[in-house]
Amino acid sequence: MSLAVLLLAHGAPERVEDVEPYLGYVRPGRPLPPRVLDEIKRRYVLIGGGSPLLACTRRQAEALQARLGVPAYFGMRNWHPFIQDTMARMQAEGIRRIVAMCLAPQYSKLSVGFYFRRVQEAKVALGYDAEIVWTQSFHDHPLLIAAFAEKLAPLLPAERVLFTAHSLPEKILEQGDRYDAETRATARLVAAKLGLPEYEFAYQSQGMTEEKWLGPTVESRLDAYAAEGVKRVAIAPIGFVSDHVEVLYDVDILFHGYAAARGIEIARAGSLNDSETFIAALAEVAAGKLRAD
């Protein structure tokens with residue numbers, strides 16, 4: 001049986017010119033007001049004209065393939081290469097057993113679950129009868145924790161350590177979703193790995209909608225730090241594994257400016273990207289699934 005891993009990521013535009021069509025996939029049939037579209041384009045300009053997410057995901061897949069010794073493919077939910085296009089390639093190349101892994105450590109039905117639905121839809125559309133083994137979460141894998149700790153360690157000691165993850169609509173809590181528990185567990189385990197006596201957790205990148213999103217916000221924590229006279233804060237985004245706009249703009253530009261206006265200097269732990277320890281974590285998770293009956 002031909003085995004392979006399928007890495008799943010959100011996708012992102014590599015050029016400013018691609019922002020509008022990209023958003024058409026993110027929000028099908030719901031065009032954004034011109035002022036919002038212009039603001040999103042501006043953010044991509046500020047981080048270099050496009051997102052490095054695709055290039056980073058490609059490096060992750062290549063490193064994982066080299067480590068595992070089995071093919072590692074990648075597909076994007078909202079940009080090229082789309083999940084269905086990648087699966088069509090896997091079908092043509094005779095892959096019969098697939099370990100599907102979303103490049104998001106913590107599970108939510110609203111996020112990771114949506115990627116898996118896209119995979120299943122592609123499987124049906126292609127008439128592809130391969131076996132798919134799902135990897136829902138690896139939020140507490142020891143090597144993932146070690147990888148995050150390696151990135152944060154150079155910033156320590158710090159007056160405050162603030163772990164962050166991408167916010168989701170607050171309604172997921174009413175549905176019993178485990179995302180909030182898993183993101184906080186990842187932060188707690190990284191803090192324990194580093195022997196931190198104290199730390200805090202906040203959500204970032206809340207959506208531009210009227211509904212309530214998970215908090216507390218990073219801005220609210222920075223306001224509190226300013227009131228306490230804190231001058232230096234280390235931020236560790238543990239809900240992300242790659243550089244992209246939510247890290248390069250939201251943390252490096254938006255939060256940096258917000259903090260500076262309050263007399264606070266922030267330093268960000270580097271993204272995992274294709275760090276050796278992170279790739280080892282992916283390999284261990286995937287290998288366990290590949291071996292499973």
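# Close-up views of a predicted chain

**Figure 1. Ala283 and its partners.** Leaving aside neighbours within four places in sequence, Ala283 is in contact with Leu64, Arg67 and Leu68. As in every view here, the model shown is a predicted one. Ala283 belongs to helix H12, and its relative accessibility is 7%, so Ala283 counts as buried, the cut-off for that word being a relative accessible area under 20%.

**Figure 2. Helix H12 and the elements packed around its buried residues.** Helix H12 runs over residues 276-291, and its 16 residues reach 22 Å from the first C-alpha to the last, which is close to the 22 Å expected at 1.5 Å a residue. Which residues of H12 are buried? They are Thr277, Phe278, Ile279, Ala280, Ala281, Leu282, Ala283, Val285, Ala286, Ala287 and Leu290. The elements against which the buried residues of H12 pack are the strands S1 (3-9), S3 (97-102) and S4 (131-135), together with the helices H3 (53-68) and H6 (142-152).

**Figure 3. The loop between strand S8 and helix H12.** Asn273 is placed in the loop that links strand S8 (265-268) to H12. Although Asn273 is not a glycine, its phi is positive, at about 45°. The relative accessible area of Asn273 is 13%, which means that this residue is buried.

**Figure 4. The loop between strand S2 and helix H4.** Asn78 lies in this loop, between strand S2 (72-76) and helix H4 (83-92), and with a relative accessibility of 5% Asn78 counts as buried. Which residues does Asn78 touch, if those up to four places away in sequence are not counted? They are His10, Tyr22, Tyr25 and Val26. Pro81 is found in the loop between S2 and H4 as well, and the peptide bond that leads from His80 to Pro81 is cis, with an omega near -10°.

**Figure 5. The loop between strand S6 and helix H9.** Ser205 lies in the loop between S6 and H9, and this residue has a positive phi of about 60° although it is not a glycine. Is Ser205 buried or exposed? Its relative accessibility is 13%, so Ser205 counts as buried. Pro216 also has its place in this loop, which runs between strand S6 (200-204) and helix H9 (218-228); a cis peptide bond joins Gly215 and Pro216, and its omega is about 5°.

**Figure 6. Leu194 in helix H8.** Leu194 is part of helix H8, which covers residues 179-194. With a relative accessible area of 23%, Leu194 is partly exposed. If neighbours within four places in sequence are left aside, the contacts of Leu194 are with Ala149, Leu152, Ala153 and Leu156. Phe148 is 46 residues from Leu194 in sequence, and the two residues are 10.0 Å apart in space, C-alpha to C-alpha.

**Figure 7. Arg43 in helix H2.** Arg43 is found in helix H2, which covers residues 34-46. Not counting residues up to four places away in sequence, Arg43 touches Met208, Val245, Tyr249 and Asp250. Ala72, by comparison, is 29 residues from Arg43 along the chain, and the C-alpha atoms of these two residues are separated by 31 Å.

**Figure 8. The whole chain as the setting for the close-ups.** The chain contains 12 helices and 8 strands. Its radius of gyration is 19 Å, close to the 19 Å that the globule rule gives for 293 residues, so the chain is as compact as a globular protein of that length. Along the principal axes, the C-alpha trace spans about 60 × 45 × 40 Å. Buried residues account for 51% of the 293 residues. If contacts between residues at least 6 apart in sequence are considered, 80% of them join residues at least 24 apart. The chain exposes about 13,300 Å², of which carbon and sulfur atoms supply 51%. There are 33 positive and 36 negative side chains, and the centres of these two sets lie 2 Å apart.

Methods: Residues are numbered from 1 along each chain as its sequence is written. This is a predicted model: local features need pLDDT of at least 70, side-chain atom pairs count only at pLDDT 80 or more; totals for chains, interfaces and linings use all residues. Side-chain values use heavy atoms; hydrogens and water are left out. Helices (H or I, at least four residues) and strands (E, at least two) are DSSP runs, numbered from the N terminus. The radius of gyration is taken over C-alpha atoms; the globule rule is 2.2 Å times the number of residues to the power 0.38. Buried means under 20% relative accessible area, exposed over 50%, partly exposed in between (1.4 Å probe, protein chains only). Contact means heavy atoms within 4.5 Å. Accessible areas come from the Shrake-Rupley method with a 1.4 Å probe; for residues, only the protein chains shown count as cover. Lys and Arg count as positive and Asp and Glu as negative; His and the chain ends are not counted. The place of a charge is taken as NZ of Lys, CZ of Arg, CG of Asp or CD of Glu. The expected span of a helix is 1.5 Å times one less than its number of residues.
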